[in-house]
Amino acid sequence: GLTAAILESELGSQDMFGGEKVLVIEGIFTGPKSKKKDELLGLVEKYSQSNQIILWEAKKLTPAQAKKFPKAKSELFVLSSSLFEWLDSIHGPIPRKL
């Protein structure tokens, strides 16, 4: 799992060629409130001015969660179940090896 040491190492490092670095963190808001989660979010908040950070979440953030990142752009992408039905219809049955 993600630790504060790993996150700080990634956020604090510089790109070798001086380019902009993008870091995607999945599910940082998932799970119950904890000291570890607060520490990780504090690091994201601290380094958000000098890094492009994308927080990938399974559901929309609550207003309290979004308040920690006032300059953040929030987007919600909802996949339709019909997409998966269509994909299943073009694939056909899964072959089995005997």
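Which residues of the largest nonpolar core touch the most other members? I put this to the predicted model and found that, of the 14 residues in that core, Leu7, Leu11, Ile25, Ile28, Leu43 and Val44 touch the most other members.

I then looked up where the core residues come from: helix H1 (4–12), strand E1 (22–26) and helix H2 (35–47) are the elements that give two or more residues to this core, and H2 provides the largest share, 5 residues.

Next I turned to H1, whose buried residues are Ala4, Leu7 and Leu11. I note that these residues lie on the same side of H1, because the arc they cover around the axis is only 65°.

Is Glu57 buried or exposed? I recorded Glu57 as buried, yet without a salt bridge, since the nearest side chain of opposite charge, that of Lys37, is 7.9 Å away, whereas a salt bridge requires the charged atoms to be within 4 Å. What I did find is that the Glu57 side chain reaches the backbone nitrogen of Phe29 at 3.2 Å. Apart from neighbours within four places in sequence, Glu57 is in contact with Gly27, Ile28, Phe29 and Thr30.

Terms used. Residues are numbered from 1 along each chain as its sequence is written. This is a predicted model: local features need pLDDT of at least 70, side-chain atom pairs count only at pLDDT 80 or more; totals for chains, interfaces and linings use all residues. Side-chain values use heavy atoms; hydrogens and water are left out. A nonpolar core is a set of buried Ala, Val, Leu, Ile, Met, Phe, Trp, Tyr and Cys residues joined through side-chain atoms within 4.5 Å. Buried means under 20% relative accessible area, exposed over 50%, partly exposed in between (1.4 Å probe, protein chains only). Helices (H or I, at least four residues) and strands (E, at least two) are DSSP runs, numbered from the N terminus. Lys and Arg count as positive and Asp and Glu as negative; His and the chain ends are not counted. A polar contact is a pair of N or O atoms within 3.5 Å; within protein, one must be able to donate a hydrogen and the other to accept it, and residues adjacent in sequence count only if both atoms are side-chain atoms. Contact means heavy atoms within 4.5 Å. The arc is that of the directions from the helix axis to the C-beta atoms.
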